[in-house]
Amino acid sequence: MTPPNGRGLLHLAAAVDRTAAHDDVAVHVELTRLAESGGFDFVTLGDSFARPGFDALAVLARVAPATTRIGLVPTVTTTHTEPFQVQAAVATLDWVSRGRAGWCIDVSTTEGEARLFGRRHAAPVDALWHEAGQVAEVAARLWDSADRAGPHPGHHPVRVVDATDRHARATAARYADVALVQGTNPAQVGAVRAELQASALAHGRDPDELRVLAALTVDLGDGERAAEPGHGGGGPRQTAQGPLYRGGPVDLAELIAAWHETGAADGFHLTPVEPRRDLERLVNGTAALLQHRGLLRTFYPGSTLREHLGLGRPAHRYAVTGGTS
Amino acid sequence: MTTVRTPAGQPSQESSRTQVHLAAYLPGGGDTTAGAGFASFERLARTAERGLFDFLLLAGEVPPAGHGGHAPEPVTVLNALVAGTEWIGLAATVDTASHEPYELARRLATLDHLSAGRAAWNVPASADPPARAAEFVDVSRELWDSWTPDGIVRPFAHRGRHFDIAGEFTVPRSPQGHPVVIRPCDESPEGGEFAASTAEVILTRYGTPEAGRAHHAAVKGRLAGYGRDHADLKIMAEVTVVLGDTAAEARERATALGAPDGRPSFVGTPESVAAEMEDSVRTGAADGFVLVPHPAPGGLDAFVDRVVPLLQERGAFRTHYTGRTLRSHLGLPEPVWKG
């Protein structure tokens with residue numbers, strides 16, 4: 001189905017991170033089911049070794065059997081864990097979710113986190129991102145090299161990279177299936193997208209196999225059409241936490257449709273400031289309106305996250321015949 | 001029979017009699033690639049929970065040599081099994097050799113939280129020197145103890161021979177305090193010390209009752225040296241069971257099955273198997289059994305449907321779960337908080 005504006009259906013993802021001090025997995029289940037009812041491609045759950053709370057991949061493994069279609073993308077830090085263990089956990093999330101896993105590849109840059117592992121000093125950020133790329137490479141080789149557990153042998157969980165930070169862009173261009181890019185206007189996001197696509201092409205990739213999602217924090221607490229000056233129709237405002245949209249769910253739908261029209265992004269990754277309140281408004285307000293306009297799916301024709309994103313299986317780099325690499 | 005309701009961990013008149021502990025292995029690497037999906041694990045977990053088993057034990061992440069597949073990662077699988085189960089303990093086999101204490105302790109504490117106190121960690125014999133594995137477990141417990149029972153987090157610092165780490169552990173104290181620590185039997189002096197000082201469940205091979213009793217007495221005899229009580233450690237024998245309507249039929253089946261890993265431990269009618277199991281526990285050869293999967297007809301379902309009710313009739317097995325946590329199923333004490 002092609003929407004009226006001639007572009008592909010837009011892709012929506014939502015963060016289900018909690019702001020509360022202590023985790024309650026029942027709330028993660030509830031939020032993810034809500035996003036699934038709105039036809040979102042996937043939810044993300046952030047993580048780091050320093051952030052208070054549970055292991056994000058574990059939480060989404062618990063959520064997996066309680067959901068049926070939506071993609072599940074925990075942040076996975078590659079800096080302090082064995083690459084084999086990283087890929088095993090991600091592949092297993094894919095297995096228990098029947099092909100719905102992704103991983104938001106991240107690095108750990110602080111001395112404090114390094115000390116949790118006994119490292120004397122944290123490595124420079126560029127080196128850490130290079131290493132993260134190598135972990136993605138190791139994982140891809142393992143997933144190509146054998147019929148691993150999962151719904152489709154050789155199936156690769158979706159790689160997501162937040163490419164807002166310049167240091168992450170080379171790794172995003174080379175390895176990501178989905179890049180998240182923060183920006184307060186379509187031109188900003190479009191510029192990073194063009195850079196990523198050019199870089200992907202230089203690495204021998206088809207740039208159309210890279211989905212770029214504009215990343216916004218959204219605060220829908222101000223009522224139906226109460227966009228502040230400089231918000232809503234005027235676009236999000238830059239804050240210390242990144243671009244923040246504040247206004248009503250209908251205005252947000254207008255903004256999403258307008259940005260999508262420009263071709264700057266393939267969709268949006270939305271981080272609600274108040275998950276329970278804002279995600280409900282996103283689903284029943286914003287997403288419903290976008291579905292009404294034919295810009296967003298009303299049901300999931302596929303069952304895997306790769307299918308939701310319209311991504312093919314990554315090309316095998318190895319002729320696999322006997323399951324050896 | 002009478003049903004005895006007791007608070008968790010408080011032995012009653014009835015349960016102070018012989019109580020058999022039961023667990024079941026989920027098949028490891030070999031069975032999860034082609035065909036058998038996660039749904040087969042979900043079915044097994046529900047069957048074991050229907051049978052009121054103490055815990056499920058998921059084997060390690062390394063597939064057998066020459067096997068092309070990649071076995072699922074145990075902690076992640078068990079987090080997913082939390083969704084379809086309510087009571088049964090969930091034990092993950094995780095080798096210390098390829099992990100770091102902070103990361104693994106965090107994941108195990110998360111499993112204990114998500115399962116409301118049903119997590120266990122099976123520390124297998126590995127490429128890791130026993131001393132590193134033992135220090136790994138000690139550090140993990142220091143991390144789990146870095147939160148007070150009242151929910152206050154304190155910085156930790158550990159400087160040992162193998163690990164030198166410091167900072168703040170970001171997962172609050174979990175429902176069991178510490179996930180239950182399981183170890184395979186290791187006859188070496190270092191292995192024996194690890195078992196006596198640290199393990200809460202030991203997995204042994206099933207042998208003759210005499211050998212079982214001698215081993216049981218030897219292992220438990222060393223506990224006092226570490227300030228531990230007999231009840232602080234359970235010895236569970238890994239067994240295979242072949243059932244038949246008659247003893248002859250069971251023997252025929254056992255022969256037809258061949259021997260996947262040696263002679264089946266129990267071959268007989270449900271009545272004779274239940275009697276043998278109770279006898280084995282009553283005479284001190286083991287505290288319970290871990291059923292190893294094998295291609296017997298009916299598998300775990302047959303055991304749950306036919307043997308468990310007979311153990312219950314004998315008063316040797318629970319008729320309902322009396323506590324929420326794995327520690328309460330096993331009758332293990334809460335770990336003493338060491339701030």
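Colleague: How many residues of chain A are in contact with chain B?
Modeller: This is a predicted model, in which local features need pLDDT of at least 70, side-chain atom pairs count only at pLDDT 80 or more, and totals for chains, interfaces and linings use all residues. Residues are numbered from 1 along each chain as its sequence is written, chains are lettered from A and ligands numbered from 1 in the order in which they are written, and side-chain values use heavy atoms, leaving out hydrogens and water. Chain B contributes 40 residues to the contact (heavy atoms within 4.5 Å). For chain A, the number is 41.

Colleague: What area is buried between the chains?
Modeller: Buried area is the accessible area (1.4 Å probe) lost on putting two parts together, summed over both. Carbon and sulfur atoms give 63% of it here. In chain A, Phe54(A), Trp95(A) and Leu116(A) lose the most area to chain B, together 20% of what that side buries. The area buried between chain A and chain B is about 3300 Å².

Colleague: Which residue meets Glu42(B) in a salt bridge?
Modeller: Across the interface, the rule (Lys or Arg side-chain nitrogen within 4 Å of an Asp or Glu carboxyl oxygen) finds four salt bridges. In one of them, at 3.3 Å from N to O, the side chain of Glu42(B) meets that of Arg98(A).

Colleague: In β4(B), which residue is the bridge partner of Ala91(B)?
Modeller: Eight strands (DSSP E runs of at least two residues) of chain B close into a barrel with parallel pairing (at least two bridges). Within chain B, β3 (residues 89–93) and β4 (residues 119–122) pair over four bridges. The partner of Ala91(B) in β4(B) is Ala120(B).
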